[in-house]
Amino acid sequence: MNFDSHTSGVVAKAVEAVNTLTPGHVQGREYPTPDLRAFDPDASLDDLRELSTYAVELRAVFESADIDEACTRVNALLRETAAAPVLIRHDGEPW
């Protein structure tokens, strides 16, 4: 799949949100969720809390070893957030 610069930027920001707003591991060591303000000091705390909730759900997509499960989760997030795109398969092609 080819991503244009706009899509690549969105994907990079999603990765940053997951890495910044959710607990995880770095070099095999667990780290806690940092201060929400570290992600965007200009955003409201309510917006950051909401984004953090979605980031937790998105982390499950990133950690999934099953592409069908991951795409189902992405589609659920897209519906929940009223985003327009939807991941689909067609003509025997993969996701």
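Buried means under 20% relative accessible area, exposed means over 50%, and partly exposed lies in between (1.4 Å probe, protein chains only). The views below show a predicted model, in which local features need pLDDT of at least 70 and side-chain atom pairs count only at pLDDT 80 or more, while totals for chains, interfaces and linings use all residues. Residues are numbered from 1 along each chain as its sequence is written, and side-chain values use heavy atoms, with hydrogens and water left out.

**View 1. A salt bridge joins Glu16 and Lys13 within helix 1.** The closest N and O atoms of this pair are 3.2 Å apart, a salt bridge being a side-chain nitrogen of Lys or Arg within 4 Å of a carboxyl oxygen of Asp or Glu. The two residues are 3 residues apart, about one turn of the helix, where helices (H or I, at least four residues) and strands (E, at least two) are DSSP runs numbered from the N terminus. Glu16 counts as partly exposed because its relative accessibility is 32%, and Lys13, at 41%, also counts as partly exposed.

**View 2. Arg89 and Asp68 meet in a salt bridge that links distant parts of the chain.** The N to O distance is 2.4 Å; Arg89 belongs to the segment after helix 3 and Asp68 to helix 3, 21 residues apart. Arg89 is partly exposed, since its relative accessible area is 44%, and Asp68 is partly exposed at 36%.

**View 3. The largest nonpolar core has 7 residues.** Such a core is a set of buried Ala, Val, Leu, Ile, Met, Phe, Trp, Tyr and Cys residues joined through side-chain atoms within 4.5 Å, and its members here are Ala17, Leu21, Leu36, Phe39, Ala43, Leu48 and Ala55. Helix 1 and helix 2 are the elements that give two or more residues to this core. A second, separate core of 5 residues includes Val18, Leu58, Val61 and Ala70.

View 4. Leaving aside neighbours within four places in sequence, Arg59 is in contact (heavy atoms within 4.5 Å) with Val18, Asn19, Thr22, Pro23, Gly24 and Tyr31. The C-alpha atoms of Arg59 and Ala17, which are 42 residues apart along the chain, are separated by 9.3 Å.

**View 5. Ser64 lies in the loop between helix 2 (45-63) and helix 3 (67-80).** Ser64 counts as buried because its relative accessibility is 19%. With residues up to four places away in sequence not counted, Ser64 touches Glu69 and Ala70.
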